[in-house]
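Subject: Structure for you to look at

Hello,

Here is the structure for your notes. Please open it first and keep it in view while you read the rest.

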Amino acid sequence: PMNKVLMLEDHGPLVAGESLEEAFSSMWFLTRACSYQVRAMSSVGGDLTRINVPTLEVRKEIDRRVEKFDEAPGDEEKEEVETHDTEGLMFACARRAAERLFGPENIYI
């Protein structure tokens, strides 16, 4: 799907993905971004003119880094770049944390 996030007024976000892991990571990043936005807005009393918006140059650098998000760190001169499944790793980490917190017997029925 092209549009994977739907913001429902008075309900919150609805996230879709081609896999459970993709939907989870999208929701995680969206929730984190919204949390930071609420903090920023409250710190300036809701006055948007007082929020420091990144320059176009900084936003382009952020976009460049996002494109390489799944690449493993290493030698950039290699012809073949090693990648990892960030979404799968994030979901596995959250699943383990939930199992530790609630116990597997209370999660899986």
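Start with Lys-4, which counts as partly exposed because its relative accessibility is 24%; the classes are buried (under 20% relative accessible area), exposed (over 50%) and partly exposed (in between), with a 1.4 Å probe and protein chains only. The model is predicted, so local features need pLDDT of at least 70 and side-chain atom pairs count only at pLDDT 80 or more, while totals for chains, interfaces and linings use all residues. Residues are numbered from 1 along each chain as its sequence is written, and side-chain values use heavy atoms, with hydrogens and water left out.

Lys-4 forms a salt bridge with Glu-22, with 2.3 Å between the closest N and O atoms. A salt bridge here is a side-chain nitrogen of Lys or Arg within 4 Å of a carboxyl oxygen of Asp or Glu. This pair links distant parts of the chain, since Glu-22 lies in helix H1 and Lys-4 in the segment before S1, 18 residues apart. Helices (H or I, at least four residues) and strands (E, at least two) are DSSP runs, numbered from the N terminus. Glu-22 is buried, because its relative accessible area is 11%.

Next, helix H1 itself. Its 24 residues, 20–43, should span 34 Å at 1.5 Å a residue, and the end C-alpha atoms are 35 Å apart, which agrees. The expected span is 1.5 Å times one less than the number of residues. Buried residues in H1 include Ala-23, Ser-25 and Leu-30. The buried residues of H1 pack against strand S1 (5–8), strand S2 (12–15) and helix H3 (86–102), where contact means heavy atoms within 4.5 Å. Just after H1, Gly-45 takes a positive phi of about 65°.

How many salt bridges does a search of the whole structure find? It finds three.

- Glu-61 forms a salt bridge with Arg-64, with the closest N and O atoms 2.7 Å apart. The two are three residues apart in helix H2 (residues 56–67), so about one helical turn separates them.
- Arg-65 and Glu-61 also meet in a salt bridge, at 3.0 Å from N to O. They are four residues apart in H2, so about one helical turn separates them.

Through shared partners, these salt bridges join Glu-61, Arg-64 and Arg-65 into one network. Glu-61 is partly exposed at 28% relative accessible area, Arg-64 is partly exposed at 42%, and Arg-65 is exposed at 56%.

Regards
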